[in-house]
Amino acid sequence: MAPKTLIPSPPRHRGPRDDDSAWTRLVDAVRDSGQYPTRPEAERITRIVLSALGGHVVGDERVDLARALPEEAARVVASQIPATRRLTAAEFVDSVAARVEGATPATARWDVSSVLSVLPPLIGDDLVTRILAQLPPGYALLFGRADLSPAS
């Protein structure tokens, strides 16, 4: 009997179920990070924060961010019209607060951090660094990083 030759299997293409599972893992990570009581609440906050972020990340970073995210999250980011004015981190949090019923600046900061802090392991530190380079100072803390930029 001839020895068996191992033939590598063809690359696996992502199907709808793979993306659903990636989206579910993202939302579950946000739910854990933000300690949200229900999955639908974590999903709602994830969509709101990614939508806000989508308007502020532009160029190659926006394209790379969309590629790195699950398809559902990528659609949320990519569907946003680029902002005409760069918001400070505090203004960004306030913009999220305006989209979340009953939110305060403190709860909106929690929501933003709960979503953005789970992105680095998913999209990679290099992309996070590139995104932060195009945003005003203060966003690093929202991504769970120390803000080492010099004070202005």
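Which residues of H2 are buried? They are Ala42, Glu43, Ile45, Thr46, Ile48, Val49, Leu50, Ser51, Ala52, Leu53 and Gly54. The model shown is predicted.

**View 1**
The protein has nine helices and zero strands. Its chain holds 152 residues, and 41% of them count as buried.

**View 1. Helix H2, residues 39-54, and its N-terminal cap.**
H2 has 16 residues. From first C-alpha to last, H2 reaches 22 Å. That is close to the 22 Å expected at 1.5 Å a residue. Thr38 caps the N-terminal end of H2. A side-chain oxygen of Thr38 lies 3.2 Å from the backbone nitrogen of Glu41. The buried residues of the helix include Ile45, Ile48, Val49 and Leu50. Thr46 and Ser51 are also among them.

**View 2. Glu43, a buried residue of H2, and its partner Trp23.**
Glu43 sits in helix H2. Its side chain and that of Trp23 are joined by a polar contact of 3.3 Å. Which residues does Glu43 touch, leaving aside neighbours within four places in sequence? They are Trp23 and Val27.

**View 3. Gln35, a loop residue with positive phi.**
Gln35 lies in the loop between helix H1 (16-34) and H2. Its phi is near 55°. That is a positive value in a residue other than glycine. Is Gln35 buried or exposed? Its relative accessible area is 64%, over the 50% cut-off, so Gln35 is exposed.

The relative accessible area of Ser114 is 2%. The cut-off for burial is under 20%, so Ser114 is buried.

**View 4. The crossing of helices H5 and H6.**
H5 spans residues 89-99, and H6 spans residues 105-116. Their axes come within 8 Å. The axes cross at roughly 100°. Angles of 65 to 115 degrees count as roughly perpendicular, and H5 and H6 are therefore roughly perpendicular to each other. H5 contributes Phe92, Val93, Asp94, Val96 and Ala97 to the contact. H6 contributes Pro105, Ala108, Arg109, Val112 and Leu116. By class, the contact has eight nonpolar, no polar and two charged residues.

**View 5. Val93 and Ala98, two residues of H5.**
Val93 has a relative accessible area of 7%. Burial means under 20%, so Val93 is buried. Not counting residues up to four places away in sequence, Val93 touches Pro105, Ala108, Arg109, Val112 and Leu142. The C-alpha atoms of Val93 and Trp110 are separated by 9.1 Å. Along the chain, those two residues are 17 apart. Ala98 is exposed, with a relative accessible area of 69%. The C-alpha atoms of Ala98 and Ala108 are 8.8 Å apart, for 10 residues along the chain.

**View 6. Pro70, in the loop between helices H3 and H4.**
H3 covers 59-68, and H4 covers 71-78. At 4% relative accessibility, Pro70 counts as buried. How many residues along the chain lie between the positions of Pro70 and Asp20? The two are 50 residues apart. Their C-alpha atoms are separated by 7.9 Å.

**View 7. Leu135, in the loop between helices H8 and H9.**
H8 runs over 125-134 and H9 over 139-142. Leu135 counts as buried, at 6% relative accessibility. Which residues does Leu135 touch, not counting those up to four places away in sequence? They are His56 and Arg86. Leu135 and His56 are 79 residues apart in sequence. In space, they are 7.6 Å apart, C-alpha to C-alpha.

Key:
Residues numbered from 1 in each chain as written. Predicted model: local features only at pLDDT ≥ 70, side-chain atom pairs only at ≥ 80, totals over all residues. Heavy atoms only, no water. Axes fitted to C-alpha atoms, helices over the stretch in contact; angles between N-to-C directions. Helix = DSSP H or I, 4+ residues; strand = E, 2+ residues; numbered from the N terminus. Parallel < 35°, antiparallel > 145°, perpendicular 65-115°, else oblique. Contact = heavy atoms within 4.5 Å. Nonpolar A, V, L, I, M, F, W, Y, C, P; charged D, E, K, R; others polar. Buried < 20%, exposed > 50% of the residue type's maximum accessible area, 1.4 Å probe, protein only. Expected span 1.5 Å × (residues − 1). Polar contact = N/O pair within 3.5 Å; in protein donor to acceptor, adjacent residues only side chain to side chain.
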